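Okay, thanks for staying on, everyone.

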Amino acid sequence: MKEELKREIAAEAAKVIFANEGNYSSVNADDNGAVSVGKVQWHGNRALSLLKKIAQGAGAEATLGKDLYNEIMTASNWESRTVTAIEKAKLSKILGTPGGRAAQDRQAEEDILSYVTHGVNMGIEDPQSLVYFADLENQGGAGASKRVGNAAAGRAGGAGKVRLDHIHGAALADRVMGKYSSRRNIVYEKAKGLFKSASGAANNQTGGKKTMTEQELRNKVVQTARGYLGCREADGSHRKIIDGYNAHKPLARGYLVKYTDAWCATFVSFVGIVCGLTDIMPTECGCGAMIDLYRAKGRWQENDAYRPQPADIVMYDWDDNGVGDCTGYPEHVGIVEAVSGNTITVIEGNMSNKVGERALQVNGRYIRGYCLPDYASKAGSVPSASVPSGNPSSGSASSTEQVYTVQAGDTLSKIAAKYGTTYQKLASYNGIANPNIINVGQKIRIPGSGAKTYTVKPGDSLWAIAAAQLGDGSRYNEIKTLNGLNSNTIYPGQTLKLPGA
C-alpha cells in the first residue's frame, strides 16, 4: 500500500479516535490501574513518554512542582501509576499549554500512522477495516488489534480479504474488546461511511477514489519537482532533499549521500520517492548507474534527438561535441518540465548548487539520452487526490518566506517577536522538537505574512495537499500551523493558506 494512502487512512482514523477519547487537557486518574492523559488518552508508559516530551518545555517544573517534574523526567515505568486530584490538576494544566497541545498533535499523528501500518503489515488492505483496526489498537493496544485482526482474517479466509463486517464481528466476539460493544458499534458505523466506493483489491490501493491518468501522473512529478525550486546549498535548504533520499530504503548500492556530494541524480530519485513512484523511477545517486537501471527496465532512450514529454528524465554529457549521437559518460541529470516548439525546459538539482531550471533545444548539444519512467503502467493505480491542481489560487502575498540566521543571544521567542509570530509556530514550521534549543548559525525559516491559498476539494487531505502544492507531503504540519488547525480535519470549500516552497 502506498504511503500516501496509509496517511489518508490514518487521517480518517484520527477523527474517529479523537471523537472517542478525551480533549487536550483531559486526565483519567485511574484508568484500569494507571493514568491516561490527553486527546488520545495515552495510558501508563505511553502517558509517561508523552509527558517527558512536554516537560522539556519552558516553565514545566513551575507548573508541575519539583517532585512531580523530577519523577516524570526520571521514571521509567508508569504501568501502575495512578495520580491524586492535585497531580491530576497539574497534569491537566501542562497538557493544555501550547507546547502540550503541539506535542500531543505530533504524537497522535505518529501513533495512529503506526497503528494503520501494523494492520497493513498483517496483510489487511481494506481502508474501512484499517480505520477500525487503528481504533482497536488505540483502545486495547497492539496485542488486542493483532488478536482481533487474526480472528477477522480467519473469518474472511485471509487477511487480504478482510472487510469491515469481518473485523467488527471478530471484535465483538473477542474476550476483551467485546466488553466495549458500545464503542465498537460507534466505530463500525463511522468507518462504514468512509471510503464508500472501496471494494475489491484493486480499489483498496486507492481508497476507492478516482485515479490518475498518465498525463496527470506526469503533471504530479513536474509539480513536485517545481516545489523544490530555489533549494540551495548556501542556506542548507537542499538538505531536506538529501535527507529524504537517504531515508528511503534500500539505499542504492548501500551508499548514504553526503550533503557535500553532487546531488543531481539524488534530486531526481527524491522526486520519485515523494511521488510514491519508485517502482517506475528507480532510486540512484549516480547518473551512470541510473541509466543502467532504466536500461534493465527497457526504458532507456539512447537517441538524443528524441522529443521528450514532461516528466521524462534527461541525461547530460558535458564533453559532447554536438556531432552525431552522444554516447559518452553522463555527468548530470534533470526532469523535463515542459516542451514548447523545439525548446525543452528542465528542472535540475545541483544546478550551480541549487534546484534550478535550464532551457535547451531538442537534439541539442550535451544531451546524452533519456530515462523514460513508464507512467502509463501506473495510470489507474494512484489516487487522484494527489493530483496537483496547477498553481494555487493566487492570494497575493505581501511578503514571502524569509530565512533568519540565529545570532548569539537569540531565542526562538525573540526571533518570533521580531517577525510578529509565535515561537510555537516557528518551532512547528521548522521541525524544531525542543523550542528551547537553537544554535548560532542555524537557519530559521519565517513564513510569509501573505501566503498563497488553496481551496479544499472533496477527497483532499492535508498530506495530499502538501504533496501536490508544496512537493512534499510531510510538510502538512506547516499548513496546519499556518492556518491554526488543531487537527487534520478539513472541509471542501475551506480556504487554506500555503507556506512558501
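So, H6 gives the most to the lining of the largest cavity, with 3 residues. Keep in mind that we're looking at a predicted model here. H6 runs over residues 98-121, and both H6 and H1 supply at least two residues each to that lining. How much space lies in the largest cavity? About 40 Å³. And the structure holds 1 cavity of 30 Å³ or more. The lining comes to 10 residues, and those nearest the centre are Phe-18, Lys-39, Glu-109, Lys-480 and Asn-488. If you sort the lining by class, you get 4 charged, 3 polar and 3 nonpolar residues.

Let's stay with H6 and look at how it packs. A quick reminder: two packed helices are described by the angle between their axes and the distance between the axes. For H2, which is residues 45-54, against H6, the angle is about 140 degrees and the axes are 9 Å apart. H2 and H6 are therefore oblique to each other, and H2 passes H6 in a right-handed crossing. Who's touching whom? On the H2 side you have Arg-46, Leu-50, Lys-53 and Ile-54, and they meet Gly-100, Ala-103, Gln-104, Gln-107, Asp-111 and Tyr-115 in H6.

H1 covers residues 3-20 and packs on H7, residues 127-140, at an angle of about 45 degrees, with the axes 9 Å apart. That makes H1 oblique to H7. The crossing of H1 over H7 is right-handed. From H1, the contact uses Ile-9, Glu-12, Ala-13, Val-16, Ile-17 and Asn-20, and from H7 it uses Pro-127, Leu-130, Val-131, Ala-134, Asp-135 and Asn-138. By class, this contact has 8 nonpolar, 2 polar and 2 charged residues.

Most residues other than glycine have a negative phi, and most peptide bonds are trans. Now look at the loop between H13 (239-247) and H14 (264-275), where Pro-250 is found. The peptide bond from Lys-249 to Pro-250 is cis, with omega near 0 degrees. Arg-253 also sits in the loop between H13 and H14. What is the phi of Arg-253? It's positive, about 55 degrees, although Arg-253 is not a glycine.

That's what I wanted to show you. Over to you for comments.

Methods: Residues are numbered from 1 along each chain as its sequence is written. This is a predicted model: local features need pLDDT of at least 70, side-chain atom pairs count only at pLDDT 80 or more; totals for chains, interfaces and linings use all residues. Side-chain values use heavy atoms; hydrogens and water are left out. Axes are lines fitted to C-alpha atoms, for helices over the stretch in contact, and angles run from 0 to 180 degrees between N-to-C directions. Helices (H or I, at least four residues) and strands (E, at least two) are DSSP runs, numbered from the N terminus. Angles under 35 degrees count as roughly parallel, over 145 as roughly antiparallel, 65 to 115 as roughly perpendicular and the rest as oblique. A crossing is left-handed if the near helix is turned anticlockwise from the far one by less than a right angle, and right-handed if clockwise. Contact means heavy atoms within 4.5 Å. Ala, Val, Leu, Ile, Met, Phe, Trp, Tyr, Cys and Pro count as nonpolar, Asp, Glu, Lys and Arg as charged, and the others, Gly among them, as polar. On a 1 Å grid over the protein atoms alone, a cavity is a set of points where a 1.4 Å probe fits but cannot get out, and a pocket is an open set with protein on both sides within 12 Å along at least five of seven lines; lining residues have an atom within 4 Å of a point. Grid points are joined across faces, edges and corners, and a volume is the space filled by probe spheres set on the points.
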